[in-house]
Structure formats: C-alpha cells, structure tokens
Amino acid sequence: MPGIKGMTAAAPRQGTLRHNIWRSMRILRQFTVADLCRTSGAGRNNVRKFVKRLEVHGYVTQLGDYTSGRPGVYRGLRLVKDIGPNYPMRCERCGRPLGEPCIKNQEEEIQ
Amino acid sequence: MRDDMAMTKNVRRFLAAVRELTDRPMGVEGMAILWGEPGEGKSTTVAFACNTLDGIFLRANTCWTPTSMLSAMMVELGMPVYGRRAPMVESAVKALSERPRPIFIDEADYLFKHADMLDVMRDIYDVTGSPVVLIGMEEFARKVQSRGKFARRITQWVEFCGIDIDDARTLADTLCEAKVSDDLLEHVHTAARKNIGRMVTGLARIEQFGKLNALCTVTRKEWANRALFYDQPRFAKRRA
C-alpha cells in the first residue's frame, strides 16, 4: 500500500451522502443511478462519481440488456462485493484509494 | 426526469408509521408490518426510510438460523461476531440501548421457519424497545396474524397497493419535467394498471416528447396513440 509506513486508511464517515448511497446499494442490490439518487438524497453527479469509482475497483458491475437513448430506461448496476455497512475507502485488491485506477484490474487486462 | 422521491400515499403512510413507532408513548408496542405485491416500490421506500431514519436493514433467507440472524445483525451494528447466541444478543441489546435504531427485516416470511428466530427478535425488541419493521408478502401478514403472542406487539399494519389518480398526479409533478394534462395522466394510469414502475417509464416518454416538440403541457390529443411502454409486440396466430 503506498504511503508512509504504518499509515492506515481513514475510516469512512457516518451519516454522509456517500454512506447513504452505499446503504441504498446494499439494500437494493440491483439499481440504477436514479434509484440511488431518489433513496439517498444525493445529487446525480455525486452518485455517478461514486458508482464509477466502485465499478473501476470491481465492487459494482453493469447489468446487460441496456439500450441507450430510451427515455426512462437507465443502465442497470449490481453490487457484487458487499464489504459491510461501511463503504470502501481503499480497494481491497490493490490497496489504492478508490479515486485512483485499480492496478490489479489493469494487470489482468494486459495478461 | 428528476431524481426526487415521489411522496405517494403508500410512502407517506409507511414513513408516518415508522415515525410513530420511534416516537411512541410508553406502553405502546413498536412493531410494524409492511406487505405488498412485487413492483409496488417497497424496496425503494424501505431504502429511503433506512437512510432517513438511520435504520438497520437485514435480509432474511431460507438458510437463516437464530445464530446467522444475530451474526447479520452484529455486522450491521459494527460489532464483533461470536459463535454463540447469548453474547451476540447481549452485544445487540447494548448497542441498541445506547442508540435506538429501527430494524427493517426483509423477506420476514423466513423467520417463521424457526420459532426461535421470532423469539430472539422479540427478546431484543422487548429489552431495547427499538422499532422492528417486518417486510413480506400478503401471505406473510396472514401468518403473523395467526400468531397471537407475536401479533399483539404489532401496532402498524401497512399495505402497499397500486397508486390512485392523485398519486399519479404527485408522481408526474415530482418526476416529469414537462407538464402532463389530466386526460393524458388518466390514460397513463389506466394503461400502466396502477403500477408505479410502468408509470415512470410512460412519463419519461411523455417528457421526451414534450421537450422535442417544445410543449409546455402535453395533452392526450397531442400524444394521440403513441406507445407509452417498451412492451414486446403481440403476434397474431397465422392463418393456414
């Protein structure tokens, strides 16, 4: 894990919008960005950013059967790695913060 | 489409019921039951309520035993999981007494497979007083009613049924960025067979139609007989 020796990842804060988004994901299991916005009270950009980060690190995957351009139909997403009530701050596989690309996924893609 | 939560009668009734449980006077029991057909918006409402009231959400499954139920609760409470029930009940009681939070249990039908699970849940509820909301289908509500000792503690019975025309108006005003006339809304309501999910799809199409044609209000006449949903075509049988 990069950083100073002995440094630990910051604990996720409770009662934040990200916490609500994560909780909604765990309850709904299969969801769209609109579902998460509705249930968590977070804005669309915030949800999109968080979902994208989780997707990059393999916590969330996209569901099939999506046709773009259809009004009212959103891309389906699914939570595949549920790590408990606290949302991930660092990727479990590569140990890097969620905002950075996942090294493990990139290595697998190269192979 | 806007990303707001439409406060339909079902949602308002459920939130009011849970709030009543949290702020109940002494001597009033604090358990509730929520039931309804699939696709009526139960999960979305429960997720919203959980986030608003900082609740604990548990999903029962067919393999659940009292120990696995308590383990799941420990994980949600952020407490260590033990191999035995008694220390887990003690930890749960301690955590919930310090900070009472409503407990939502989805697929609660499975609790009836083991009478012990109901007893453990009842014990936790009796000691801590944290509201417990059980979620399931209609048969489940009937099952609960047949268990007198357990049913006595349930003070809120909330059923999620199809939305009416007033709710349809609330839904259109909350989600749709184009205005929808009353006659068109009635058409959508009938075509969607009171299902909230289908109504959202129909309203999204109306909104896009309104935006493309620069219409302030979309009426039934303007919409004509356009398709509201993305249903599969029905093929007639070929004649020989």
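The exercises below work through chains A and B of a predicted model.

Residues are numbered from 1 along each chain as its sequence is written, and chains are lettered from A and ligands numbered from 1 in the order in which they are written. Local features need pLDDT of at least 70 and side-chain atom pairs count only at pLDDT 80 or more, while totals for chains, interfaces and linings use all residues; side-chain values use heavy atoms, with hydrogens and water left out.

**Exercise 1. Describe the make-up of chain A.**

Step 1. Chain A has 4 helices and 3 strands. Helices (H or I, at least four residues) and strands (E, at least two) are DSSP runs, numbered from the N terminus.

Step 2. Read from the N terminus, the order of elements in chain A is α-β-α-α-β-β-α.

Step 3. The C-alpha trace of chain A spans about 50 × 40 × 20 Å along its principal axes.

Step 4. Of the 111 residues in chain A, 40% are buried. Buried means under 20% relative accessible area, exposed over 50%, and partly exposed in between, with a 1.4 Å probe and protein chains only.

Step 5. Among the contacts in chain A with a separation of 6 or more, 58% join residues 24 or more positions apart. Contact means heavy atoms within 4.5 Å.

**Exercise 2. Which residues touch the most other members of the largest nonpolar core?**

Step 1. A nonpolar core is a set of buried Ala, Val, Leu, Ile, Met, Phe, Trp, Tyr and Cys residues joined through side-chain atoms within 4.5 Å.

Step 2. The largest nonpolar core has 41 residues, and Met25(A), Val60(A), Phe14(B) and Phe104(B) touch the most other members.

Step 3. A second, separate core of 35 residues includes Met74(B), Met88(B), Leu96(B) and Val144(B).

Step 4. Not counting residues up to four places away in sequence, the residues touched by Val60(A) include Met25(A), Phe31(A), Val51(A) and Leu54(A).

**Exercise 3. Describe how α9(B) and α10(B) pack.**

Step 1. Two packed helices are described by the angle between their axes and the distance between the axes.

Step 2. The axes of α9(B), residues 182–191, and α10(B), residues 196–212, come within 9 Å and cross at roughly 140 degrees. Axes are lines fitted to C-alpha atoms, for helices over the stretch in contact, and angles run from 0 to 180 degrees between N-to-C directions.

Step 3. The two helices, α9(B) and α10(B), are therefore oblique to each other. Angles under 35 degrees count as roughly parallel, over 145 as roughly antiparallel, 65 to 115 as roughly perpendicular and the rest as oblique.

Step 4. On the α9(B) side the contact is made by Leu184(B), Leu185(B), Val188(B), His189(B) and Ala191(B), and on the α10(B) side by Arg198(B), Met199(B), Leu203(B) and Ile206(B).

Step 5. These residues of the contact of α9(B) with α10(B) divide into 7 nonpolar, 1 polar and 1 charged. Ala, Val, Leu, Ile, Met, Phe, Trp, Tyr, Cys and Pro count as nonpolar, Asp, Glu, Lys and Arg as charged, and the others, Gly among them, as polar.

**Exercise 4. At what angle do α3(B) and α5(B) cross, and which residues meet?**

Step 1. The axes of α3(B), residues 66–77, and α5(B) come within 9 Å and cross at roughly 40 degrees, and the two helices are therefore oblique to each other.

Step 2. Pro66(B), Met69(B), Leu70(B) and Met73(B) of α3(B) meet Asp116(B), Met117(B), Val120(B), Met121(B) and Ile124(B) of α5(B).

Step 3. By class, the contact of α3(B) with α5(B) has 8 nonpolar, no polar and 1 charged residues.

**Exercise 5. Is Arg122(B) buried or exposed, and what is in contact with Arg122(B)?**

Step 1. Arg122(B) lies in α5(B), residues 115–128.

Step 2. With a relative accessible area of 14%, Arg122(B) is buried.

Step 3. Leaving aside neighbours within four places in sequence, Arg122(B) is in contact with Met31(B), Lys149(B), Phe150(B) and Arg153(B).

Step 4. Met31(B) belongs to strand β1 of chain B, residues 31–36, and is buried at a relative accessible area of 0%.

Step 5. Met31(B) and Arg153(B) are 122 residues apart in sequence, and their C-alpha atoms are 5.8 Å apart in space.

**Exercise 6. Where does Ala214(B) lie, and what is its phi?**

Step 1. Ala214(B) is in the loop between α10 and β7 (217–218) of chain B.

Step 2. Phi of Ala214(B) is positive, about 50 degrees, although Ala214(B) is not a glycine.

Step 3. At 68% relative accessibility, Ala214(B) counts as exposed.
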